[in-house]
Amino acid sequence: MGTLAPKHIQSIFEAFISGQELESVTPVQQGLINNSYFLQTSRAAYILQRLNSHVFTAPRALMENLINFQNLPKPSGYLGPACIPTPEEDYLYRDPQDALWRLQEFVPQSEAYDLAPNPQVAQEAGRLLSQFHQISQGEDLENYHSPLPGFQDIFLRLDQFSLAFKKADATLLEQAKEALHIKAHLAPFVSRVPSGLPQRLCHNDTKLNNMLFHKDSGKALCMVDLDTLMPGYAFYDFGDAFRTVANTAREGDFSTKVGFRKDYAQAFVQGLAQQKKIYTPLEWDSFAFGAVYMPYIHGLRALTDFLEGNRHYKVQYPTQNLDRSLSLFQFAEQAYDNQAYIHEILDIYFSHE
């Protein structure tokens, strides 16, 4: 779905809020799944999103999860954002073209980063992640749906890859040679998933640009894009944040070499340790594994999508999924090569008291 005309956006906005004229409508470029728009009125700013119904096939369950979390008590300084219901108290609006939309408040003076610009932001990212887990700690997981079953299941993703590999055109396989090599090299490691871990409510998509920071103070404000909120393991959220916090390069961007920032990694763990008692020793021990597992599983999904003809992620050119895959795999290799260091900093800040 392409960019919509402001008049169309105005009509959708009015399904949620009447009496406010839009002063500006700006498409949001971040995000690979949903279509998002930044809306400005004379009174406030909002984020309007069209849910991708091909990816999220149970949108009502997804929104129930989101509202459940929205209603949890939050510590001072955790600033939202809140979803806005229609006058009929529905958090989703279905337009005449059968598309589903939702409206959220925009957090003032906030910004997001694809990569951490400095160690202070890396530390704040860690603090925010532990705060997020503290907010949801003790939640009855029976009250939360799994809108994307098997989302972080490496064995499901390997099976999906194998099917795509068998059906893929030889030209695509030749283009993907380097990515396929790294995929095979790390497969044994990521297949040894730690056992006995407790399940907790996880964000499941904690890359850095799903965290908001105050433009002036740099303080982390809140997590956004809770579409993947569901039961999971703490190492999912740790590893997904770590791959963007400790990385030198943006996903799929080869203008900068993929590298591992040790000082940023340490700052992130230091921030996370501010709420270290919410994690069990088994969870602490799993985080170094998650630093490899999460970039690997994202790389595997992107590679599978490339071999299938780019059906899942939005792409701007034919090999973009392959580029994403390769950069993700390259960071997974960096995290694998730095396992001893990651364990070392975890031991420093997560001493098993």
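A salt bridge is a side-chain nitrogen of Lys or Arg within 4 Å of a carboxyl oxygen of Asp or Glu. The views below come from a predicted model.

**View 1. D305 is a buried charge without a salt bridge.** D305 sits in helix α9, which covers residues 281-307. Which side chain of opposite charge is nearest to D305? It is R311, 5.4 Å away.

**View 2. The largest nonpolar core has 99 residues.** Six residues have the most contacts inside this core: F242, F287, Y293, Y296, L303 and F350. Which helix gives the most to the core? Helix α9 does, with 14 residues. Another core lies apart from the largest one. This other core has 14 residues, including I17, L48, A99 and W101.

**View 3. Y296 and its contacts.** Y296 is one of the residues with the most contacts inside the largest core. Neighbours within four places in sequence are left aside here. Y296 is then in contact with I154, L158, I182, K183, L186, A187, V190, F329 and A332.

**View 4. Helix α7 is mostly covered.** Helix α7 runs over residues 234-245 and has 12 residues. How many of them are buried? The count is 12 of 12. Among the buried residues are A234 and V245, along with D237, D240 and R243. F242 is buried in α7 too, and F242 is also among the residues with the most contacts inside the largest core. From its first C-alpha to its last, α7 reaches 17 Å. That is close to the 16 Å expected at 1.5 Å a residue.

**View 5. Strand β9 pairs with β7 and with β10.** Strand β9 covers residues 211-214. Strand β7, residues 110-111, runs antiparallel to β9, and 2 bridges join them. Here S110 has H214 as its bridge partner. Strand β10, residues 220-223, also pairs with β9 in the antiparallel sense, over 3 bridges. F213 has A220 as its bridge partner in β10, and M211 stands opposite M223.

**View 6. The hairpin of β9 and β10.** How many residues lie between the two strands? There are 5. In this hairpin, G218 takes a positive phi near 80 degrees.

Note on methods: Residues are numbered from 1 along each chain as its sequence is written. This is a predicted model: local features need pLDDT of at least 70, side-chain atom pairs count only at pLDDT 80 or more; totals for chains, interfaces and linings use all residues. Side-chain values use heavy atoms; hydrogens and water are left out. Two strands pair if DSSP finds at least two bridges between them. Helices (H or I, at least four residues) and strands (E, at least two) are DSSP runs, numbered from the N terminus. Buried means under 20% relative accessible area, exposed over 50%, partly exposed in between (1.4 Å probe, protein chains only). Lys and Arg count as positive and Asp and Glu as negative; His and the chain ends are not counted. A nonpolar core is a set of buried Ala, Val, Leu, Ile, Met, Phe, Trp, Tyr and Cys residues joined through side-chain atoms within 4.5 Å. Contact means heavy atoms within 4.5 Å. The expected span of a helix is 1.5 Å times one less than its number of residues.
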